[in-house]
Every structure is written in C-alpha cells, then in structure tokens.
Amino acid sequence: MTEAHKFVDIRHAQKAYGDLEVLKDISLTVDRGEIVAIIGPSGSGKSTLLRAINDLDSLTGGEVWLDGVQINKNLPYRQYEKHINAMRQQVGMVFQHFNLFPHLSVRDNVTMAPKLLKGLSDKEADKLAEEQLNHVGMLERIDYYPSQLSGGQKQRVAIARALAMQPKLMLFDEATSALDPELVEEVNLVMKRLAEEHMTMIIVTHEMDFAASVCDRVIFMDKGVVVEQGPPSVVFQNPTEERTKEFLRKHLAQHHAQNAAEAAALTAAQTNEGAK
Amino acid sequence: MGLDFTVVPAYLDTILIGVLWTIAITVCAAILSFFGGILLAVIALYAPWFLRLPVRFFAWLFMGTPLLLQLFLIYFGLVQLGIDLPAFVAGVIGLGLHFAVYNSELIQTAILAVDKGQMEAARTLGCSRSQALRKVVIPQAVRDVIPPIGNNMIALLKDSALVSVIGVSELTLSSQLAIGRTYRPFEFYAVAAVFYYIVNLGMEAVMRRIERKTSLSR
C-alpha cells in the first residue's frame with residue numbers, strides 16, 4: 001500500500017432496509033488524529049453510519065477503509081469473521097448505554113479482551129487495567145462491579161475498556177445521551193483529554209457545545225445524506241444550507257426550553273424549601 | 001396396632017447410608033444437568049441443523065415421556081445393546097439428562113434475553129461470536145437463571161426416589177428394606193420424608209448462597 005490513502009475512507013456508503021434508504025451514497029474521509037462530530041436529527045442515519053464503520057451494521061453498498069485496509073471486504077464467512085475481528089481490535093467503540101459486562105468487575109471488564117485476544121498474562125493485564133483506569137480517573141473503583149457505579153463512571157470504564165485494546169480509531173455513539181446532565185461533564189472531560197492526545201475520533205453527538213469546543217470538523221447529516229460539513233465555527237455560526245440552519249435553530253430552541261424548564265424546577269424546589 | 005417409632009434406631013445406619021446415596025446421586029445428576037443444560041441450550045440455539053435436529057428430538061423424547069420409563073430404558077434396555085451400566089451410573093445419567101433438558105429450556109430463554117448490546121460490545125472489542133458467547137452472554141444467562149434452576153434441582157432431589165426401582169439403595173429403597181424387615185411402613189416412610197425434607201433445606205441453603213454471591217454482578 002504505497003499510494004497515499006486517507007486514514008478513514010468511506011466510499012459511497014449505502015444502507016437500505018427494504019425500500020427504506022437510511023444511508024444514501026455517503027462518501028467522507030477522516031484524517032489521522034482528526035476529531036469529527038456527526039450531528040443531525042434522530043433518524044438521519046448518523047448512528048448507522050458510525051456502526052457501519054466497524055461493520056456492526058453492514059452496508060448494503062459501498063466500502064469502508066481504515067488505514068489502507070478495507071473493513072467490509074467481501075470474503076467467505078469464516079475468512080471474513082477472522083478479518084473483521086482483527087479490524088475491530090483496531091477500532092474502539094463507546095455506546096450510549098455503556099454495555100459494560102455486568103457479571104465482571106471493572107478490572108475484568110477492561111482486561112477481558114486483551115487477555116483473550118492478545119494473550120496478555122494476568123500480571124500484564126492488571127497493569128494495563130490500572131493504567132487505563134487511572135487515565136479515566138476510575139482507578140479507585142477497579143474492584144467494583146458495574147452495578148455499583150454511576151452512569152458517568154460506567155461510561156468512563158467503557159472508554160477505558162475500549163482503549164485497552166489500543167485502537168487506532170475511536171467511535172462514540174451518543175456517549176453522553178443516556179447520562180443525567182450533571183454526569184455529562186466527567187465523560188466529556190475524558191473525551192477532551194483523548195482529543196488532546198490526538199486520538200482519531202468520530203463522535204455522534206447531540207451536544208453542540210462539546211462538538212464546537214473539541215472537534216476539528218462537524219458533519220451535519222439529514223435523511224441519509226451529508227448536508228454540510230466544515231469547521232465548527234462555520235457549521236455552527238455560518239451554515240450555508242437551509243436544513244442546517246433549521247436544525248440548529250430547533251435544537252437551540254429545545255435546548256433553551258430545557259434549560260428554562262430546569263431553572264423553573266429549581267426555583268420551584270427552592271421556593272418549596274423556603275416555604276417549609 | 002399403633003405407631004411405634006422405637007423400631008427406627010436399629011435401622012438408622014441403613015437409612016443414613018440411604019441419605020448419603022440420595023445426596024450423591026442428586027449432586028452428580030445436578031452437575032450433569034447443569035452443564036448438559038448449557039451445552040444443549042447452545043446447540044439448540046447456534047449449532048448447524050445436523051446437530052440441532054437430533055438434539056431437539058432428544059429433548060422432545062425426554063420431556064414427553066415419564067422419567068421412570070427413561071430410567072428403565074437406560075438401565076434395563078441398554079443391556080440388550082451391550083451397554084451394561086451400574087445402577088448408580090444409569091440413575092445419574094437418567095436424572096441428569098432429564099433435568100438437563102428442562103435446564104436447557106430455561107437457559108435458552110435467558111440467553112435470548114441478554115441485552116444484545118452485550119454481544120455488540122464484545123464483538124466491537126474484536127471477540128468472535130463464540131468467544132462473546134462464552135465470556136459474556138452465557139455467564140450472564142446462567143447467572144440470571146440460577147433461581148429457576150434451583151427449583152429444578154429440588155425437583156431432581158425428589159425425583160431421585162425413582163432410582164430406587166432400578167436398585168440404587170438410596171433413601172427410599174433403604175426405607176423399604178427396613179420396612180421389609182419390620183413391617184412398619186408408616187414409621188419408616190415418615191422418617192424418610194423427614195430426611196428428604198432436611199436434605200431439601202440444605203439444598204435451598206446452598207442455592208441461596210449462590211444467589212447471594214452472584215447478586216453483585218447484576
């Protein structure tokens with residue numbers, strides 16, 4: 001592979017369920033070390049696109065390449081399984097609902113895959129777990145079980161678990177959407193730290209502030225196509241497409257309404273408190 | 001003729017040996033039914049048809065016919081095919097397979113009920129499907145299904161009385177032996193009932209401990 005290649009290269013990605021086209025011929029590339037946010041209304045296909053990158057959802061057309069190797073190669077079943085398992089080791093993924101393994105301790109959540117797939121000894125794996133958990137500020141909870149952790153803590157462990165495989169690329173599928181508002185920040189901080197370390201990240205998110213402050217590029221998707229993309233300053237402040245403007249307007253209104261409702265609830269609570 | 005429990009102590013050692021055999025056969029059959037249940041569940045859900053179909057037929061056979069008949073078939077019937085099993089082994093196999101089929105039904109349901117995000121998380125780390133099943137999905141399914149499997153194991157304990165008919169001198173057969181000598185059926189069957197109940201309590205205590213131990217990992 002001598003010719004110059006893009007680090008992540010999605011070529012004409014298509015995904016259809018019967019007549020329903022979720023992804024309509026999407027092509028985009030991501031450079032090594034680049035941090036990209038994918039935003040858009042629900043049902044726009046952004047999660048599907050993300051999940052297509054490591055073939056969790058298979059495309060019905062098009063190709064996905066990572067660092068010069070095609071991920072969704074057309075191979076006989078057994079060969080393909082081998083190939084995709086090797087590829088997935090290089091791609092970390094973080095889910096909205098954490099998907100920690102509840103029957104394993106925090107330590108074993110992190111060490112399970114490296115021990116099984118890379119043949120690490122118990123000692124090496126323990127060292128790795130300690131490093132990775134320290135990195136996300138969860139070292140003190142190493143012997144806890146997921147059921148004993150808050151949502152934010154679970155997500156940080158899930159990030160450590162993904163990083164323990166030393167991936168080249170990290171995918172975040174609405175990593176903070178299921179969290180209580182006060183727990184979002186701790187996860188955002190971990191992601192920011194990763195960004196500073198130049199991990200290549202593709203982040204599907206609803207959090208515009210986070211996308212604006214961390215990402216190099218924002219991709220706005222709607223109805224299975226990329227409508228607009230560019231640096232956050234441009235996409236957020238000076239969008240050219242009407243659909244982008246509308247989405248941002250709606251999102252902002254919603255955001256304000258939510259904030260107002262929370263503020264109102266808080267005031268009401270305080271008033272009640274005062275009345276007592 | 002009234003009841004006279006003073007005849008019991010003379011036969012207590014016979015009865016106690018019977019209790020030990022009952023415990024032995026129950027524990028062996030329980031272990032077989034547990035691991036057999038997991039194996040059958042995995043085959044039923046994931047194996048290719050040439051494994052799945054025979055297993056389904058086997059399960060149907062074991063669920064659809066009396067356990068007593070199955071024991072006769074294994075112990076007396078197999079001799080004709082040149083397989084002459086000791087009564088204890090035949091009893092363990094009969095009870096173990098019978099309850100393995102029931103456990104397998106429970107485990108299959110539990111496997112399907114494990115959140116599919118668990119499989120996805122394991123696969124995104126690079127695990128193969130079978131690795132993900134082995135390390136992530138099946139342990140959770142088994143953990144979820146411990147209470148109902150415990151109920152099956154108590155049923156197994158009680159059904160272990162059936163192996164008396166193929167000559168394993170467990171609690172029921174030892175009691176009958178004592179009755180044969182003394183013609184005191186009520187006394188000895190009552191004593192046997194008490195011992196079954198005590199073993200039962202012991203089993204429930206063990207199950208509770210296992211449940212407690214796994215409660216953190218939910």
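Start by selecting residues 19-207 of chain B, which UniProt lists as "domain: ABC transmembrane type-1" in an unreviewed entry. UniProt positions follow the numbering used here, feature names are shortened, and annotations may be inferred rather than shown by experiment. You're looking at a predicted model, where local features need pLDDT of at least 70, side-chain atom pairs count only at pLDDT 80 or more, and totals for chains, interfaces and linings use all residues. Residues count from 1 along each chain as its sequence is written, chains are lettered from A in the order in which they are written, and side-chain values use heavy atoms, with hydrogens and water left out.

**Stop 1: chain B as a whole**

Keep 19-207 selected and color by secondary structure: the span is 83% helix and 0% strand, with its end C-alpha atoms 19 Å apart. Helices (H or I, at least four residues) and strands (E, at least two) are DSSP runs, numbered from the N terminus. The C-alpha trace spans about 75 × 45 × 20 Å along its principal axes.

Show the surface of chain B next. Its accessible area is about 11200 Å², with 70% belonging to carbon and sulfur atoms; the method is Shrake-Rupley with a 1.4 Å probe, and for residues only the protein chains shown count as cover. Of the 218 residues in chain B, 48% are buried (under 20% relative accessible area; exposed is over 50%, partly exposed in between, 1.4 Å probe, protein chains only). Among chain B contacts (heavy atoms within 4.5 Å) between residues at least 6 apart in sequence, 79% join residues at least 24 apart.

**Stop 2: the annotated transmembrane stretches**

For chain B, UniProt's unreviewed entry puts "transmembrane region" at residues 20-45, 57-79, 85-102 and 186-203. Pick 20-45: this one is 100% helix and 0% strand, and its end C-alpha atoms sit 37 Å apart. Then try 85-102, at 89% helix and 0% strand, with 24 Å between the end C-alpha atoms.

Zoom in on B:Leu20, which is in helix 1 (residues 12-46) of chain B. Is B:Leu20 buried or exposed? It counts as exposed because its relative accessibility is 58%.

**Stop 3: where A meets B**

Bring chain A back into view: 27 of its residues are in contact with 22 residues of chain B. The two chains bury about 2100 Å² between them, 62% of that from carbon and sulfur atoms. Buried area is the accessible area (1.4 Å probe) that two parts lose on being put together, summed over both. On the chain A side, click A:Pro102, A:His103 and A:Leu116, which lose the most area to chain B, together 26% of what that side buries.

How many salt bridges cross the interface of chain A and chain B? The rule (a side-chain nitrogen of Lys or Arg within 4 Å of a carboxyl oxygen of Asp or Glu) finds two. A:Glu81 forms a salt bridge with B:Arg123, with the closest N and O atoms 2.8 Å apart.

**Stop 4: inside chain A**

Select residues 8-248 of chain A, annotated by UniProt as "domain: ABC transporter" (unreviewed entry). This span is 40% helix and 25% strand. Finish at A:Thr111 in helix 3 (residues 106-118). A:Thr111 is buried, at a relative accessible area of 2%. Leaving aside neighbours within four places in sequence, A:Thr111 is in contact with A:Ala125, A:Asp126 and A:Ala129.
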